Amino acid sequence: MTDPAMTDTPTVVPITDVVLETRGLTKSFRGFTAVRDLDFTVRRGTIHALIGPNGAGKTTVFNLLTKFLAPTSGHILHDGVDITAASPAAIARRGIGRSFQISATFPHLTALENVRVALQRRTPGRFHFWRPESTLAALNDRALALLAEVGLEARAQEPAGTLPYGAKKALEIATTLALDPDVLLLDEPLAGMGREDVARTAALIRRTAQKENGRRTVVMVEHNLGVVADLSDRITVLQRGEILAEGSYADIAADRAVREAYMGTGHA
Ligand SMILES: Nc1ncnc2c1ncn2[C@@H]1O[C@H](COP(=O)(O)OP(=O)(O)OP(=O)(O)O)[C@@H](O)[C@H]1O
């Protein structure tokens with residue numbers, strides 16, 4: 001006989017609410033500890049901002065999460081699986097995408113071609129120039145849809161290198177979205193932008209957190225606290241490589257230690 005309690009059990013149970021986690025993560029550079037014994041947890045489907053004064057260790061944490069740096073000690077887990085030793089390519093295959101590297105786009109290719117290249121990367125080794133026309137047409141349609149998602153459809157035929165700064169950033173999001181990541185890691189997505197581009201990109205980040213079946217997780221390092229306040233479900237404040245405070249924007253804005261940390265560095 002079936003246990004009545006069992007019949008209510010959903011068929012697909014998420015392994016865990018936590019999508020990304022660090023345990024005792026430490027990074028030292030020749031004796032200087034930039035990140036110290038960090039236990040950092042990101043919940044699935046949230047926009048989580050990593051903030052803190054200059055030199056707090058944000059970029060180092062970001063580079064550890066994206067595997068651009070190897071930790072001195074500690075662990076990184078994705079969906080409960082230890083990915084500390086995984087290569088950047090392996091974590092990309094697991095659905096962790098990193099955006100906002102200008103170098104990720106090819107300046108001489110058009111915006112459309114850049115997105116098409118990114119789409120082809122999703123199936124490495126599977127793209128051949130003799131693919132049937134219909135497959136190439138489908139690729140074009142998908143690339144155009146992604147450009148439309150980031151508001152670049154009118155610029156599809158322009159070389160990436162001649163696009164204005166904000167449009168370049170939007171193109172980088174489109175190329176990252178081509179990989180359809182579950183977790184999107186953004187390193188200072190608004191850096192160097194004018195007010196209009198900031199507003200447009202913030203709206204784009206909010207949109208990209210939405211996915212057809214649920215929500216994407218977004219982890220971003222960002223200095224623009226207005227946008228952080230607006231977008232983030234949760235905020236972690238780092239100072240000297242350790243967590244100083246964590247919570248909603250209201251929580252951390254009311255935290256005396258956070259205010260002191262920011263007052264000392266000139267960040268508003
Ligand atoms: N490759 C490296 N070699 C030596 N020290 C480093 C290296 N990378 C970072 N650091 C040091 O680690 C500390 C944290 O740097 P990190 O760039 O992670 O901080 P951050 O919070 O991103 O700062 P910012 O807001 O200024 O970008 C700093 O004191 C920095 O000088």
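The model is predicted, so here is how it was read: local features need pLDDT of at least 70, side-chain atom pairs count only at pLDDT 80 or more, and totals for chains, interfaces and linings use all residues. Residues are numbered from 1 along each chain as its sequence is written. Helices (H or I, at least four residues) and strands (E, at least two) are DSSP runs, numbered from the N terminus.

**Around the ligand**

- The shell consists of Phe 29, Phe 32, Ala 34, Gly 52, Asn 54, Gly 55, Ala 56, Gly 57, Lys 58, Thr 59 and Thr 60; a residue is near the ligand if its C-beta atom, placed from the backbone, lies within 6 Å of it.
- Sorted by class, the shell has four nonpolar, six polar and one charged residues. Here Ala, Val, Leu, Ile, Met, Phe, Trp, Tyr, Cys and Pro count as nonpolar, Asp, Glu, Lys and Arg as charged, and the others, Gly among them, as polar.

**A closer look at Gly 57**

- You will find Gly 57 in the loop between β3 and α2.
- Gly 57 counts as buried because it has 22 C-beta neighbours inside 10 Å. The scale is this: buried means 20 or more other C-beta atoms within 10 Å of a residue's own, exposed means 12 or fewer, and partly exposed lies in between, with C-beta atoms placed from the backbone.
- Leaving aside residues up to four places away in sequence, Gly 57 touches Ala 34, Val 35, Leu 238 and Gly 241; contact means C-beta atoms, placed from the backbone, within 7 Å.

**Helix α2**

- Six of the eight residues of α2 are buried, so the helix is largely enclosed by the rest of the structure.
- The buried ones are Lys 58, Thr 60, Val 61, Phe 62, Leu 64 and Leu 65.
- After α2 comes Lys 67, with a positive phi near 70°.

**Sheet and hairpin**

- Six strands form an open sheet in the order β6-β7-β10-β3-β11-β12, with mixed pairing; two strands pair if DSSP finds at least two bridges between them.
- β6 (96–99) and β12 (242–247) stand at the edges with a single partner strand each, so one side of each has no neighbour in the sheet.
- On average, neighbouring strands of this sheet are turned by 20° against each other, direction ignored; axes are lines fitted to C-alpha atoms, for helices over the stretch in contact, and angles run from 0 to 180 degrees between N-to-C directions.
- Strands β3 (residues 47–51) and β11 (residues 234–239) pair in the parallel sense over four bridges, and His 48 has Arg 234 in β11 as its bridge partner.
- α2 packs on the sheet, touching β3, β7 (183–187), β10 (217–221) and β11, and its direction makes about 145° with that of β7.
- Strand β1 (residues 18–29) runs antiparallel to β2, joined by eight bridges, with Ser 28 opposite Thr 33.
- Two residues lie between the strands of the β1 and β2 hairpin, where Arg 30 takes a positive phi near 40°.

**The nonpolar core**

- The largest nonpolar core has 61 residues, and Val 115, Leu 147 and Ala 174 have the most contacts inside it. Such a core is a set of buried Ala, Val, Leu, Ile, Met, Phe, Trp, Tyr and Cys residues joined through C-beta atoms within 7 Å.
- Helix α6 (residues 165–177) gives the most to this core, with six residues.

Methods:
Two residues are in contact if their C-beta atoms, placed from the backbone, lie within 7 Å.
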